[in-house]
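Subject: Structure handover and findings

Dear colleague,

Please find below the structure that I am handing over to you.

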Amino acid sequence: MSQRFDYFVILAGMRTGSNFLESNLNAFEDITCYGEAFNPYFIGVPDQENVLGITVEQRDDDPFRLLNAMVAETKGMPGFRLFHNHDPRILEHVLKDHHCAKVVLTRNPVESFVSLRIAKETGQWKLTNVKHQKSADVRFDPEQFTHFLTEHQAYHGHIREVLQSGGQTAFHIDYADLQKIEVVNGLGQYLGASQPLDKLQNTLKRQNPGALRDKVRNPGEMDKALADVDLFEVDVVSVAEPARGASVPSYIAAPKTPLMFQPIPGGPTQVVKQWMADLDDVSPDALITGFTQKTLRKWMRENRGHRVFTVVRHPVERVYQTFCNKILSQNEQSYPEIRAKLTKAFNIPLPQDPFDPGYDIDAHREAFLGFLKFLKGNLSGQTALRVDSAWASQTHIIQGLSQVAPPDLVVRENNLTLALAYLAAEIGGQAPALTEPQNNTPYTLIETYSGDVEKQTKDVYSRDYLNFGFKPWGKSKSI
């Protein structure tokens, strides 16, 4: 009998037991799992140079070359693990491919989140010998968990939507079922294995056994944060929600006046936060954050006459700030893995220290133009790296915001003083003055700007220029 599928994919996330599942699938004589074959930072497993002779660079240039090699060169059923931040080109392909068997692996997201925090704290991601076990209790951060849960919901909601639209189904398996040999053998049968396993593999050990509450230092705060989360519907996501998502946890509300700000990454968020704090005569820490859809609806019901607004920034200014803060700088807010990838795979000359006198303006402009070139491919779905919200188009971000709370007002940053005064008057308040933003860049945008910068930025963000009526940045500045 011919097999139903040509290959399989394990759709999972970090700390869901995917390593353990892979080890058991590889125990079947006619199933081969190639690990995280499309992880943008390595291929298969860390420190491995290639899979089937295909390197990271070759895979990034053409991911389907590796996929086709798996199918053509593997005896039996080939497959791999795929997480939400792996190559989006492969994710969209496999979800629509009826010749691909989908295995959806899930785990209680609270357990996954805490396990992930412990792994980051201890540096231990796998355990093969309990004598080497590292343990730690961690602080449960409600805001970080909300972001984690939002990504989880968006990923699984997208999987479900595409499979339903294509008339497909998947083999669903939970973390708790991984220890049941009959379930694992059932999966093997689904994938076409000729013989069942006699026993499960015991090479990998569970790293953090015990009660969840015993693994966190602040169980009371965790309980309070989870009170607003319906874990029984954790995988239920509206199919109308766009892939970018509404980013509800990022919303900021004033504690006294009925005013809510929807930040766009890369925009003047700190300036607006300080203005809102000054409006209510409080510190910025008193602003209300960490919303869920449930608490957002509650806030809206309790604040009749509220106003919701967002601020768009000129694309040249936004992408320059993003480049300096997320790529050029090396701090807790930056993206070191993406930075390393841009240097190695895209040959962008990024300095170790951007404030080193040896890093002159010409080198800085060259690095910035290289980043803009990368963005064009990234936003077009031509790279293995994710489209991060820090550089996603503002048009797309606002479309996501509008699915849950459409902004009453979209403010252009150059009109910020006038627009905020209008909003303050709308709710009966007196608008405070705006604070000046801090500049932590090695060179100002005026020093860095060139015609090529404007041309490439407009090429990348043509919809933003059109939708928000932005004029060329250089024509409105003293260059």
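In which helix is the place of T269? T269 belongs to helix 9 (residues 269-279), where helices (H or I, at least four residues) and strands (E, at least two) are DSSP runs numbered from the N terminus. T269 has a relative accessible area of 17% and is therefore buried; buried means under 20% relative accessible area, exposed over 50% and partly exposed in between, with a 1.4 Å probe and protein chains only. Not counting residues up to four places away in sequence, T269 touches I252, F261, P263 and I264, contact being heavy atoms within 4.5 Å.

Basis and confidence

The model is predicted, so that local features need pLDDT of at least 70 and side-chain atom pairs count only at pLDDT 80 or more, while totals for chains, interfaces and linings use all residues. Residues are numbered from 1 along each chain as its sequence is written, and side-chain values use heavy atoms, with hydrogens and water left out. The chain has a mean pLDDT of 89, and 92% of its residues reach 70 or more; pLDDT is the predictor's confidence in each residue, from 0 to 100. Over residues 234-242 the pLDDT is below 50, and this stretch has 20 contacts in the model beyond near neighbours in sequence. Where pLDDT is low, the predicted coordinates should not be read in detail.

An open sheet of 5 strands shows parallel pairing in the order 2-5-1-6-7; two strands pair if DSSP finds at least two bridges between them. At its edges are strand 2 (31-33) and strand 7 (171-174), each of which pairs on one side only. On average, neighbouring strands of this sheet are turned by 25 degrees against each other, direction ignored. Strand 2 runs parallel to strand 5 (residues 77-82) and is joined to it by 3 bridges, with I31 opposite M77 in strand 5.

Helix 3 (residues 63-73) packs on the sheet, touching strand 1 (7-11) and strand 5, and its direction makes about 150 degrees with that of strand 5. Axes here are lines fitted to C-alpha atoms, for helices over the stretch in contact, and angles run from 0 to 180 degrees between N-to-C directions. Helix 6 (residues 142-165) lies across strand 1, strand 5 and strand 6 (100-106), and runs at about 150 degrees to strand 6.

Strand 1 pairs with strand 6 in the parallel sense over 5 bridges, L11 standing opposite V104. Strand 1 also runs parallel to strand 5, joined by 4 bridges, and the bridge partner of V9 in strand 5 is F80.

V94, in helix 4 (residues 88-96), counts as buried because its relative accessibility is 0%. Leaving aside neighbours within four places in sequence, V94 is in contact with Y7, V9, F80, L82, C100 and K102.

Strand 10 and its partners

Strand 10 is largely enclosed by the rest of the structure, because 5 of its 6 residues are buried. Strand 9 (residues 259-261) is joined to strand 10 by 3 bridges and runs parallel to it, with L259 opposite R307. Strand 10 also pairs with strand 11 (residues 409-412) in the parallel sense over 4 bridges, and there F309 stands opposite L409.

Q394 lies in helix 14 and counts as buried because its relative accessibility is 1%. The side chain of Q394 reaches the backbone oxygen of R313 at 2.8 Å. Beyond neighbours within four places in sequence, the contacts of Q394 include V311, V312, R313 and D464.

Nonpolar cores

The largest nonpolar core has 50 residues, of which Y251, F323, L342, F371 and W391 touch the most other members. A nonpolar core is a set of buried Ala, Val, Leu, Ile, Met, Phe, Trp, Tyr and Cys residues joined through side-chain atoms within 4.5 Å. Among the elements that each supply at least two residues of this core are strand 10 (307-312), helix 11 (315-328) and helix 13 (361-379). Apart from this core lies another, of 27 residues, among them V9, I54, L82 and Y155.

With kind regards

Notes
A polar contact is a pair of N or O atoms within 3.5 Å; within protein, one must be able to donate a hydrogen and the other to accept it, and residues adjacent in sequence count only if both atoms are side-chain atoms.
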